[in-house]
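Reader: I am new to this structure and would like to go through it with you slowly. Could we begin with what is shown and then take up some questions?

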Amino acid sequence: MARYEDLPYRTCVGMMLINAAGLVFIGRRAGGIEHVDQTHVWQMPQGGVDPGEDTWEAAKRELYEETSVRSVEKLGEVPDWLIYDIPRTVAGRAWKGRYRGQRQKWYAVRFTGKDAEINVSSPGGGHKAEFVNWRWEPMKNLPNLIVPFKRPVYERVVKEFSSLAGD
């Protein structure tokens, strides 16, 4: 088995879905070995990029597979890849021990649909539900709702897209 330091990062995308009021979609994760308590179980949609897949196309696909949402318009993207390490205590169990964390490309999109379009219990494409609940949240609150090891990435994403936030 490879040493933790030698493991690669999983290529991933994340989506900040913003409604007309400037609030951000967050989903309550259905589970995961990285969860440390009941407070830090919320996150924005994210997921892996398939080999050869364009990151913008991957982001739209992941958003659909986790929320059923297709009604979006692109507002922006973080120019850099954002990286986080998963804790060593879960590295051997997450993603079958193949990665030490993720390198993520983040996009912001405006939700142009109605809330009824959002369906996390039976998401698009027949994919397994990753969220058990969802809500709209002020952007500034996001870093305090995510698992601590992802917090620096969320702080950067919020900083990058802060001009898109509501009151």
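Author: A term is needed before we start: buried means under 20% relative accessible area, exposed means over 50%, and partly exposed covers what lies in between. Please also keep in mind that this is a predicted model.

Reader: Which residue forms a salt bridge with Lys74?

Author: The closest N and O atoms of this salt bridge are 3.1 Å apart, and a side-chain nitrogen of Lys within 4 Å of a carboxyl oxygen is what the term requires.

Reader: Which element gives the most to the largest nonpolar core?

Author: This core has 28 residues, and those touching the most other members are Met16, Met44, Trp106, Met139, Leu142 and Val157. Several elements each supply at least two of its residues, among them strand 1 (9-18), strand 7 (101-111) and helix 3 (151-161). The element that gives the most, with five residues, is helix 3.

Reader: Which residues does Met44 touch, leaving aside those up to four places away in sequence?

Author: Met44 belongs to the group of core residues that touch the most other members. Its contacts, with residues up to four places away not counted, are Met15, Met16, Val24, Phe25, Ile26, Trp106, Phe131, Leu142, Tyr154 and Val157.

Reader: How many residues make up the second, separate core?

Author: Val13, Phe25, Tyr107 and Val109 are included in this second core. Its residue count is 17.

Reader: How many salt bridges does a search of the whole structure find?

Author: One of the pairs is Arg3 with Asp6, whose closest N and O atoms are 3.1 Å apart. Elsewhere, Asp50, Glu53, Arg61, Glu62 and Glu65 are linked in a network of salt bridges. For the whole structure, the number found is 12.

Terms used:
Residues are numbered from 1 along each chain as its sequence is written. This is a predicted model: local features need pLDDT of at least 70, side-chain atom pairs count only at pLDDT 80 or more; totals for chains, interfaces and linings use all residues. Side-chain values use heavy atoms; hydrogens and water are left out. A nonpolar core is a set of buried Ala, Val, Leu, Ile, Met, Phe, Trp, Tyr and Cys residues joined through side-chain atoms within 4.5 Å. Buried means under 20% relative accessible area, exposed over 50%, partly exposed in between (1.4 Å probe, protein chains only). Helices (H or I, at least four residues) and strands (E, at least two) are DSSP runs, numbered from the N terminus. Contact means heavy atoms within 4.5 Å.
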